[in-house]
Amino acid sequence: MALNHGAHRLRWVVLLSLTLLLPHPAQAAPARQPIPVPEEGALVYDENGNGQADLFGDTWVYDTNSDGRAELILRFRQEPALVAYLYDDANANGQVDYLVTGAGVQILEAYWRVKLTAREGKWLLPGNVPDWNAEMVVDGNYRFSGTNADFLLTGYRDNHQDGQPDLLLAYWDVNHDGIPDYERNTLAIPPYEEVIANRNPRLRPHSRYRFPWLGTVLQPDWARARLALVMHLIPSHTNEQGYYVSFGRPLQGQLLLPGWENPFAFYDLAGDADGFSELSVRLVSEYEVWRHPSLTAYNEVRYSWAQDENHMRYRLYLIGQVFRNDSVPYPSYAISHVPYEQIPAFVCSSQWTGAIFGEYEASQRKLSFDEGIYENLLFTVALRGRLLSQRAVELPPYLPAYLNLREEYNFHLNRTPTLYFSPIDRRLHLRDAQQGLLILDAHLDPNNHNGFDFTDQELATGQAQVLRYLTESDSDGDGYFDTWTLYFYNQPVEKLVFRRGTVLFARGNTVYLKRLPADLHAALWETSPPTDTLSWRVLNERLATDTAERPPLDSLAALFAALPGESTALSNTSLGAVSTNAGELIASLTTAGLESVARPQAFAFFAQNIPAGEYLLRGKDGAYWLEAPAPAAISLSPITFIPASGSSPGGWLLFYAINGGAQDAQARLQLTETLTGGGFAIIHEEEALVPAYGQREFIVPWVPAIGGERRLRARLTYTSPLLSAPAQTEAEATLTVPAPPAPAATLYLAFPDLLAPLLLATALLALLVPGLQALLSEEARP
Amino acid sequence: MNARSEPRAASPLPALAFALAVRLLLTFYWLTRFGGHLTESDAARTTLVIRSVFESGQLLPAGKPTYPYGYLYPAYVSALALLSGLDVLTWQQWLLPFAGLILTLLAFVLYLRLLGSPKWAACAVTLLNLQGDFLYTSQRGSHEKLDFMLIFLALAVIVLAALKTTSLRQRLALAAVYYLVILAENTEHVFFATTFTFTLLLAFLFWLAMRRRQQLQIMASPWVIYIALMSLLFSFLVIFYWYPPARAILYTSRDLLERVRLILFSAAEPPAELYSMVSANWVLPGAWLWLRVFDIFLFTTALIGWWRLVRLFFRRSEASDLSQASSHFWLLLLFPPFFLQNVAVVISDITGSVGEINNLQIRLIPLTAFVAAPLSAYAISHWAARLRQATARFATLRAIVVTLLSAVVLTLTLIKSVSEPLLANAWIFYTPAEEAGLAWLNQNIPYIEAEIGRRTPRVWAGPTFRLGDLWRQETWSTGDHRIPVFDRGQTTYTYVLLSPQVRLNTLRYHEALPNILNAQRIYVNGEVEIYYLPPEARP
């Protein structure tokens with residue numbers, strides 16, 4: 001024990017000697033006693049000598065674990081602006097090196113990490129509310145981290161501290177209520193700038209430190225004596241209400257400009273202040289508008305929203321070119337973008353060239369859609385090329401980025417986005433969609449880490465190893481889906497077709513028919529996507545009512561069974577083509593023979609024995625019967641001209657192709673004008689499907705150069721099952737169209753000063769004639 | 001009466017004044033017919049090149065348009081613009097058409113030497129100036145006027161060297177001038193120069209043939225070979241050392257035949273738009289042939305005159321009068337090569353034997369007319385007195401016929417030289433309203449700067465490139481070439497510019513206007529309307 005005691009004393013002596021004699025870098029010769037701030041683990045050197053630990057003239061040395069080694073130093077100065085310098089362990093020796101001298105604390109690290117300038121000369125407002133009006137400069141390597149893309153500073157071997165700022169950040173609390181309003185981030189590498197705006201009245205960043213920026217924006221890694229993270233004061237993505245505009249480049253002193261993500265906005269659509277944004281809208285202005293900084297061309301939108309739970313379920317991707325002229329003021333400049341409050345209405349009331357609507361159908365597997373539900377980002381590259389750049393880009397088949405994401409699209413939409421609720425599958429759909437696709441099962445690449453279920457290659461080409469999928473289509477062209485087909489290994493295994501008053505379901509060698517209530521339409525109701533709390537709630541209530549116990553889409557039999565009405569089954573019968581005629585059900589059937597069985601009244605026709613063969617099934621007004629198949633037979637109606645209204649030139653040519661046959665016909669129309677000097681000019685060419693027992697309307701815009709009597713000819717060439725060769729029909733018309741201004745006169749009206757050239761021509765003649773006369777008077781030459 | 005029979009005191013000045021006055025009035029007509037609102041593809045392109053040279057101070061400015069066949073004309077106009085302080089377009093549109101007066105002067109000097117009579121020289125120059133292709137190409141803002149000057153100078157020097165030079169000093173001086181002129185022509189348009197050399201060589205062969213046939217003791221002609229070889233040396237230097245774009249043209253020719261054609265007929269450039277679709281470009285079918293009536297007259301009378309000289313040549317008693325010291329000898333010598341070249345390309349035109357490079361008349365007819373005009377004047381001079389005697393009793397009728405003929409010739413010339421829009425469909429004018437509309441378009445249409453390569457807005461502005469030429473001529477500059485205007489060759493466009501002239505032009509070509517029923521009218525200035533086609537309304 002004595003030995004131990006002696007050793008213990010000796011150790012103290014040695015330690016004391018070392019402490020007193022050796023030039024310890026941290027505490028060589030303390031001039032003043034620091035003021036301890038134990039609740040923050042800090043020693044404050046009162047360098048301005050006011051006897052207080054303050055935030056404007058002192059140096060705060062943080063030693064949170066009391067090991068005598070500084071983990072962070074904050075130095076406050078009045079220069080004359082009020083600034084704070086943050087020093088961390090730049091030389092990677094595990095501590096912030098400093099020396100206390102008679103003049104104060106001498107920091108031995110080469111460069112500060114952060115310099116913060118209080119724009120209004122104070123860190124705190126009355127009542128100790130933080131004053132979020134400041135400029136911040138950060139020196140060091142960083143990378144984006146987390147959902148909000150905060151700036152992660154640690155983890156680099158080379159922390160790139162060179163005294164040159166790498167990050168420029170600015171913050172504003174315009175009304176001094178302690179709630180930050182704007183944040184601007186300017187990055188040197190990569191060249192980038194963004195503005196984040198807060199609209200959330202509950203966003204009050206709180207710090208446990210007296211210096212409000214520490215612990216909020218500035219996140220130290222105490223164990224490594226380094227500043228770990230510079231967080232956004234205003235979260236860019238997870239703030240329930242707010243938005244950001246990113247530019248993809250520094251602004252370089254411009255005062256007014258549009259952004260790229262312009263903006264990406266988040267809304268508390270439910271109005272429940274639960275911290276979850278029910279709506280996120282990403283507006284992209286990919287193309288800048290030359291010389292018109294206030295004019296913004298909106299090109300893409302991702303409009304994602306949640307309805308019944310805090311999880312994104314629906315999404316509209318919109319593409320086109322919609323111009324807006326806005327100027328939203330910000331501190332120090334203005335940005336040309338749609339004001340935050342108007343964005344949802346702007347998106348839903350604008351006409352877009354193309355749209356992809358999606359509903360995430362998975363009930364078990366919940367994905368985090370922090371930026372909304374992604375569209376196929378590889379496909380939209382080609383889509384932009386085609387729709388926005390007008391390039392002849394061949395579009396691959398569309399492939400949803402995720403399993404169980406039902407997506408419906410139209411790349412020639414050219415209207416405002418409208419949704420409708422189908423009573424057939426009890427789901428929301430995109431009005432006028434060309435096609436819908438839901439991938440239920442597929443072979444997925446386990447090494448794929450792009451964040452999607454499919455690889456980049458699969459998404460770009462639309463080719464994936466799909467096991468089960470469902471397609472939706474609008475076969476009669478009325479804007480609503482009427483045909484669902486379930487595929488297994490690319491083979492159709494189930495098909496469900498809706499026509500007014502009838503639904504037909506085919507599986508294997510049985511065809512089922514159900515007579516539906518006559519008032520059951522393809523759409524139960526239509527709506528715009530929700531744009532405010534009221535419309536969100538209305539939609540929520542409707543969906544809650546109408547989607548209750550809706551069948552999953554992996555079985556069309558369940559859909560068929562859930563529909564009301566009496567039904568019958570035609571066994572030993574397979575389904576062929578179904579006509580696109582919207583007015584009735586016309587389908588080709590092949591049966592091995594139907595036996596006489598009792599059937600409901602509507603299906604009395606099938607109660608008899610029907611021999612094997614090919615038939616045409618027709619169903620109209622609640623009655624069903626079979627006919628012998630017959631080929632298409634098309635005639636053209638007379639061509640009429642509808643002049644455009646007002647002073648607009650030209651008009652529309654209107655005529656119909658009427659199919660009296662029992663098969664749809666694939667037709668090619670060529671509309672020509674016979675020219676007076678011989679030959680013809682092609683006005684319009686079109687491929688069209690003419691439904692059986694129906695007609696196809698043609699409305700062709702026509703702007704002839706001048707008016708008068710014009711001779712037109714429409715020629716329709718068509719093919720159809722049961723037709724051995726293409727058939728042809730024609731219609732001719734002589735039309736009188738209103739005449740624009742008489743053109744012959746325009747040649748001279750354009751140059752009314754004809755006197756000068758006429759006089760010159762006369763003078764030339766007056767000069768030439770006597771000249772020629774004089775030559776004629778010459779004698780003959782030898 | 002020829003020069004020798006005229007009194008020695010007769011001054012050539014009145015005849016020269018007459019020829020200059022005709023050309024001056026023709027130039028004024030050219031300028032006033034459309035109030036100076038002229039645009040045309042070659043001139044627009046040349047203006048573009050001159051601006052590049054002028055703005056960069058380099059003959060081959062990197063990344064800017066250049067004229068691959070030579071640099072002299074752009075350099076020359078740039079220098080004029082620099083010295084005068086006037087802009088390039090002013091020179092091109094308003095001042096350089098008067099270069100036709102210099103051409104007239106040079107032609108008069110040459111013809112006076114060839115014909116020996118100021119009156120008939122003036123007649124020949126006037127016939128030349130009334131030739132539509134010559135007038136058109138020497139008025140518009142392209143390089144041909146400079147080519148013509150240099151070729152006239154070269155011919156004049158050759159004739160002078162043969163006729164007048166006795167001392168070595170004179171010969172050396174003329175040789176120096178000749179080589180300078182040929183060098184200049186090589187830098188102006190190297191393939192024009194090779195074509196001219198080819199013409200001279202053909203003349204030399206013709207010379208040899210005549211000498212062998214007649215066994216005349218005319219002076220040996222190897223110096224023609226020397227100057228031809230020297231000219232080829234200059235061409236070689238320009239193509240392979242001085243001016244890389246010319247080499248590129250040669251190398252990018254598809255095959256040997258095309259290269260030969262290029263060198264012999266300077267046929268590399270596509271034909272001028274004005275004559276590119278001969279039939280479609282005139283309102284009346286066959287109008288182009290009627291408009292060639294004067295050319296047919298000119299070449300027929302030239303052939304007759306030439307045949308008369310041939311007959312004279314083969315009469316031994318008169319052969320001495322047609323020695324190489326005789327002025328007429330050169331008419332006899334030079335006409336066949338020019339004419340044969342022209343015949344070759346006319347056959348080529350008719351048969352389509354050179355594919356897309358047809359319609360070379362615009363390039364070669366003026367050159368042939370250089371020699372055809374004095375020959376025609378020579379022929380007329382021999383008929384004049386006989387005609388006068390034969391019609392002595394019908395002086396009034398003769399005056400009326402002469403007046404009518406003059407009016408017809410003049411009308412044909414004026415129609416052809418300005419491509420008179422009453423009859424022609426390929427127009428070389430624009431209206432002030434169209435210019436204003438295009439300027440507005442260029443300044444105001446949203447332009448997708450970040451997507452310059454793949455999303456440039458395009459404008460449909462009629463069935464021809466007329467307003468495209470205007471855009472190129474007027475609005476293009478280093479920082480302002482934004483809105484390309486396209487014609488019917490383009491199938492995609494974002495904007496449609498309509499004017500009464502565009503409508504009429506579309507009708508003339510039997511085409512329908514673009515569908516603008518769903519378009520948005522974004523600009524109107526009274527006559528011109530501009531429509532924006534939203535994506536769904538685009539073709």
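This is a predicted model: local features need pLDDT of at least 70, side-chain atom pairs count only at pLDDT 80 or more; totals for chains, interfaces and linings use all residues.
**A sheet in chain A**

- Four strands make an open sheet in the order S12-S13-S18-S17, with antiparallel pairing; strands here are DSSP runs of E with at least two residues, and helices are runs of H or I with at least four, numbered from the N terminus.
- Strands S12 (143-145) and S17 (218-221) of chain A are at the edges with a single partner strand each, so one side of each has no neighbour in the sheet.
- S17(A) pairs with S18 (residues 226-230) of chain A in the antiparallel sense over four bridges, where pairing requires that DSSP finds at least two bridges between two strands.

**Nonpolar cores**

- The largest nonpolar core has 108 residues, and B:Tyr111, B:Trp330 and B:Phe370 are among those with the most contacts inside it; such a core is a set of buried Ala, Val, Leu, Ile, Met, Phe, Trp, Tyr and Cys residues joined through side-chain atoms within 4.5 Å.
- Helix H8 (residues 144-163) of chain B supplies the largest share of this core, 14 residues.
- A second, separate core has 69 residues, including A:Ile343 and A:Phe505.

**Salt bridges**

- Over all chains there are 46 salt bridges, each a side-chain nitrogen of Lys or Arg within 4 Å of a carboxyl oxygen of Asp or Glu.
- A:Glu135 and A:Arg119 form one, with the closest N and O atoms 2.8 Å apart.
- A:Glu135 is partly exposed at 31% relative accessible area, and A:Arg119 is partly exposed at 30% (buried means under 20%, exposed over 50%, partly exposed in between, with a 1.4 Å probe and protein chains only).
- B:Arg503 and B:Glu529 meet in a salt bridge at 3.4 Å, N to O.
- B:Arg503 lies in helix H22 (residues 500-508) and B:Glu529 in strand S5 (residues 529-532) of chain B, so the pair ties together parts 26 residues apart in sequence.
- B:Arg503 is buried at 9% relative accessibility, and B:Glu529 is buried at 13%.
- A network of salt bridges in chain A includes A:Arg313, A:Glu359 and A:Arg550.

Conventions
Residues are numbered from 1 along each chain as its sequence is written. Chains are lettered from A and ligands numbered from 1 in the order in which they are written. Side-chain values use heavy atoms; hydrogens and water are left out.
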